[in-house]
Amino acid sequence: MVTSTTRRTALALTAIGAVLVPAAPVSAAPGAPAPPSVDLRADVDRDGRVDVTGTTDAAGEDTWNTARGAVFLPNIDDDTKRCPTAGPGGKPLTDAALAACDDASDAVINGSADLADLARVRAVPTAGLPATATGAVSVPAGGRYTRVFVKRATGWAHVTGKTRLTAAELRGGLEFAVESTDIVRDSKVWDGRAVIRLTVTVPGRPAVKDDITLRVAPLLTHHHLQKAQQVLVTKVPGKDDYARGQQAFVNGLAKEVKAAGIGLPLVTFDKYEDIWAQDFVEPGYVSMTGPGGQRQIIRVMLRSAQPDREAGRELFERMRGDGVGVVQVTGVRDSEEWTLNSMGNLETIPPYTHGGRSFPAGRIIMGERKDDGSKPARAMRTMLASQGLQDPLLLDTSWLHVGHVDEFVQFLPAPGTPRGWRLGIADPEAGLKLLRDAQKAGHGGTRMFSVPDSPERFAPKETIAQALASKWLVADNTMAARRIEANLAVLRRETGVTDAEIVRVPALYTRGTEPVGERGDRMPRLSRLGAGQVPDVVAEHGQQKRLVRRDGRAAGPGAVMTSAYVPGAVNGILLAGDRYLAPRQWGPVIGGKDVFNAAVTAAYTGAGMKVSYIDDWYTYHLGMGEVHCGTNTLRDASAAWWKP
């Protein structure tokens, strides 16, 4: 045990690179009493306890990296549901006012659940202190984002600059509780590091200090090796044709969720009627080890960087509570493309190590439009990168009208394989082959789509032969295949994924848009729409009005933008490690069998998945989305994010 004035002030944060040069130690004058021993401890080895008698938490306590170092949580949930969701008379609060309240927005520990979210720091008992000794706690690094409480005989008290610890308290040992008031949003502003300092003063002697370093837990997004625990979806009220169809989708989803072994009921958003539950939120989490080695977790609902997307308010109004917080970014520029900021454009590669880089918590992928330089909001990308663990990888979605990565790529659990997961990829060439094979077999006159008419809409009537003879279909899918292969090359390079780990799922895309209806919503040119107008609620809550027409503007000769022609099978939802829910294909029926359903089933069963289907044609597909776009999942976050 070292007892110098600056015993642990030299901080070598390997993940941050900050170094503070220690001052020279204070030497006692000959014959003078030895300076008191000051020793702060934290849960450096992340086992859920602070070791004040041994050495397990002593080594490396002034450093922090992904493998070792004390962690504390951004205490942004609302354990007692004290945060207001409306103003006087029910007047809506501003987004800023909604976000301003959480458990860390006051200097009070709000009950036992709130206390569990605070990391512990302990001061080893300091023997031999005279009654005149006093102690003080400060936070010389990260103090703006860090709050400390001390446990006293009367309960937990907020530590301020005026707080004085008595000699009796110091002799008996002290316990502190530490919270962060926010996540890391920009590592150049705050890197997440907090240094807690205990200073002991005895009149007539030099002050003696000790430091301990903590870092706030990173905000992480879920990946598909984490078990689904609850499914989110929007439910549209009403009795019209569309509402009934969407309600049927929700009911069917509930049955599939139960069959997959998920015991918790659906979370149904119902206030803002934004059916794209994947797009206005990305569920994430922060965690540290709590008592007994169990993970202490706060779920974090990350609101899309679309400030005018009202549905994101329901995250504060309904979901925030005990163990659930909400984060929204600010500073989003009007010039940043709105649709790229939907969270369907944020997915996570499961954990992997390749090329000397390790991602034990997985790695984020997002889509950008390389054709014109559009990217997701800088504020969001900065925040995600600043967590330090999931370094976002950008893929090119220029060729997609909506532009989301979930339109062509996914990740599937694969126990027993080298990586533990496979990459699912849309395969337009396989989709074209299905049509060509059917035509060669004499089925060119079979209707391309088997979707039934609804009371208010008519199903598409084109045949297989007409689809193949159309001006665009073959060209569009040849282009889509080329673009997908270019993205696949990026994923191969970054992850090392091999051909044996790729699941190719038949798909077809179609180009362009043309206005339909008085509102000018845009839909594909082929007869997917039938004779009906797309309901407002399907139009991505106004998102399609924001899809800039890029035909002729995108870089490169003949550059076009596409969306799914046949419902995108990769745009489904993983309900369990071996259960996948795909959008029903409604493809050509030949010999009593939907050839696309059969081919999609074969692709997934070959990868060890059990496939079921749900109809989303009129509810989501016509709005350029599928099952995945209309749902979301809360997943198990109990695994340690710092372990490979």
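These are my notebook entries on what I looked up in a predicted model.

**Entry 1: the chain as a whole**

I began with the overall counts, and the secondary structure of the chain comes to 11 helices and 34 strands. Of the 644 residues in the chain, 59% are buried. I then turned to contacts with a sequence separation of 6 or more, and found that 75% of them are accounted for by residues 24 or more positions apart.

**Entry 2: the disulfide**

I searched for disulfides and noted that the structure holds 1. The link joins Cys83 to Cys101, with an S to S distance of 2.2 Å, and I recorded it as left-handed, given the -80° about the S-S bond. Cys83 lies in the loop between β2 (70–72) and α1 (95–99), while Cys101 lies in the loop between α1 and α2 (111–116), so the pair ties together parts that are 18 residues apart in sequence. Looking up accessibility, I found Cys83 buried and Cys101 buried as well. I also checked another cysteine, Cys629, which counts as buried at 4% relative accessibility, because the cut-off for buried is under 20% relative accessible area.

**Entry 3: helices α7 and α9**

Next I examined helix α7 (residues 428–443) and helix α9 (residues 473–495), whose axes come within 8 Å and cross at roughly 150°. That crossing makes α7 roughly antiparallel to α9, since angles over 145 degrees count as such. On the α7 side of the contact I listed Pro428, Glu429, Leu432, Leu435 and Arg436, which meet Leu473, Val474, Asn477, Ala480, Ala481 and Ile484 in α9. Sorted by class, the contact of α7 with α9 has 8 nonpolar residues, 1 polar residue and 2 charged residues.

**Entry 4: aromatic rings**

My search of the whole structure for aromatic pairs gave 13 of them. The one I looked at in detail is that of Phe449 and Tyr565, an edge-to-face pair with 4.9 Å centre to centre and 80° between the planes. Phe449 lies in the loop between α7 and α8 (464–469) and Tyr565 in the loop between β28 (562–564) and β29 (573–576), so this pair ties together parts that are 116 residues apart in sequence. Phe449 is buried, with a relative accessible area of 1%, and Tyr565 is buried too, with a value of 0%.

**Entry 5: the loop between β13 and β14**

I then went to Asp270, which is found in the loop between β13 (267–269) and β14 (281–289) and is partly exposed, with a relative accessible area of 46%. Leaving out residues up to four places away in sequence, I found that Asp270 touches Lys235, Glu314 and Arg318. I also looked up the separation of Asp270 from Ala311, which is 41 residues in sequence and 9.2 Å in space, C-alpha to C-alpha. Glu273 has its place in the loop between β13 and β14, and I recorded for Glu273 a positive phi of about 55° although it is not a glycine. At 33% relative accessibility, Glu273 counts as partly exposed.

**Entry 6: a further positive phi**

I kept in mind that most residues other than glycine have a negative phi. I located Arg46 in the loop between β1 (40–42) and β2, where Arg46 counts as buried at 6% relative accessibility.

Definitions and conventions: Residues numbered from 1 in each chain as written. Predicted model: local features only at pLDDT ≥ 70, side-chain atom pairs only at ≥ 80, totals over all residues. Heavy atoms only, no water. Disulfide = S-S within 2.5 Å. Helix = DSSP H or I, 4+ residues; strand = E, 2+ residues; numbered from the N terminus. Buried < 20%, exposed > 50% of the residue type's maximum accessible area, 1.4 Å probe, protein only. Axes fitted to C-alpha atoms, helices over the stretch in contact; angles between N-to-C directions. Parallel < 35°, antiparallel > 145°, perpendicular 65-115°, else oblique. Contact = heavy atoms within 4.5 Å. Nonpolar A, V, L, I, M, F, W, Y, C, P; charged D, E, K, R; others polar. Phe/Tyr/Trp six-rings, centres within 6.5 Å; stacked < 30°, edge-to-face > 60°.
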